[in-house]
Amino acid sequence: MSNHAHESHPQIMARLKRAHGHLAKVIAMLEGQAPCSDVAQQLFAVEKAVTNAKRALIHDHIEHCLSSDDDGSGIEEFKAITKYL
């Protein structure tokens with residue numbers, strides 16, 4: 001398993017920070033009794049941001065970690081990460 005930083009991690013962190021901001025807004029909207037349709041729209045934005053961050057992380061892992069495995073452990077790592085898809 002590879003434990004080094006990836007070039008994509010700053011972009012993934014930016015996506016997650018965006019999701020964090022959306023989630024904070026959802027909480028504030030609920031506290032302020034915002035209309036349910038507005039809250040649902042913000043929750044959709046949170047979900048989309050997290051999904052995109054996860055996809056980017058998994059794609060990066062496949063590209064940089066699994067494809068560079070010389071010892072054949074790439075298949076096992078691929079199987080392990082697919083449970084998060």
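Buried means under 20% relative accessible area, exposed means over 50%, and partly exposed lies in between, with a 1.4 Å probe and protein chains only. Keep these words in mind for the tour below.

This is a predicted model, in which local features need pLDDT of at least 70, side-chain atom pairs count only at pLDDT 80 or more, and totals for chains, interfaces and linings use all residues. Residues are numbered from 1 along each chain as its sequence is written, and side-chain values use heavy atoms, with hydrogens and water left out.

Start with the overall plan. The protein chain has three helices and zero strands. Read along the sequence, the pattern is α-α-α. Helices (H or I, at least four residues) and strands (E, at least two) are DSSP runs, numbered from the N terminus. Of the 85 residues in the protein chain, 22% are buried. The chain exposes about 6300 Å², and carbon and sulfur atoms supply 59% of that area. Accessible areas come from the Shrake-Rupley method with a 1.4 Å probe; for residues, only the protein chains shown count as cover. Now take contacts, meaning heavy atoms within 4.5 Å. Among contacts in the protein chain with a separation of 6 or more, 56% are between residues 24 or more positions apart.

Next, go to the segment before H1. Ser-8 lies there. Ser-8 counts as buried because its relative accessibility is 17%. Its side chain joins that of Asp-60 in a polar contact of 3.1 Å. A polar contact is a pair of N or O atoms within 3.5 Å; within protein, one must be able to donate a hydrogen and the other to accept it, and residues adjacent in sequence count only if both atoms are side-chain atoms.

Helix H1 covers residues 9-31, and Gly-21 sits in it. Gly-21 has 37% relative accessibility, so Gly-21 counts as partly exposed. Val-46 is 25 residues from Gly-21 in sequence, yet their C-alpha atoms are 8.4 Å apart. Ala-24 also lies in H1. Its relative accessibility is 42%, so Ala-24 is partly exposed. Ala-24 and Val-46 are 22 residues apart along the chain, with 9.6 Å between their C-alpha atoms. Lys-25 is another residue of H1. For Lys-25 and Val-46, the C-alpha distance is 9.7 Å across 21 residues of sequence.

Ile-27 is partly exposed because its relative accessible area is 44%. Together, Leu-23, Ile-27 and Leu-43 make a nonpolar surface patch of about 250 Å². Patches are made of residues with over 30% relative accessible area and no salt bridge: like charges are joined within 9 Å, nonpolar side chains (Val, Leu, Ile, Met, Phe, Trp, Tyr) within 5 Å. A salt bridge is a side-chain nitrogen of Lys or Arg within 4 Å of a carboxyl oxygen of Asp or Glu.

Move on to the loop between H1 and helix H2 (36-66), where Gln-33 is found. Gln-33 is exposed, since its relative accessible area is 72%. Its phi is near 55 degrees, a positive value in a residue other than glycine. Most residues other than glycine have a negative phi.

Finish at helix H3 (residues 74-82), whose buried residues are Gly-74, Glu-77 and Ile-81. Seen down the axis of H3, these fall within an arc of 65 degrees, so they line one face of the helix. The arc is that of the directions from the helix axis to the C-beta atoms. On the other side of H3, Ile-75, Glu-76 and Lys-79 are exposed.
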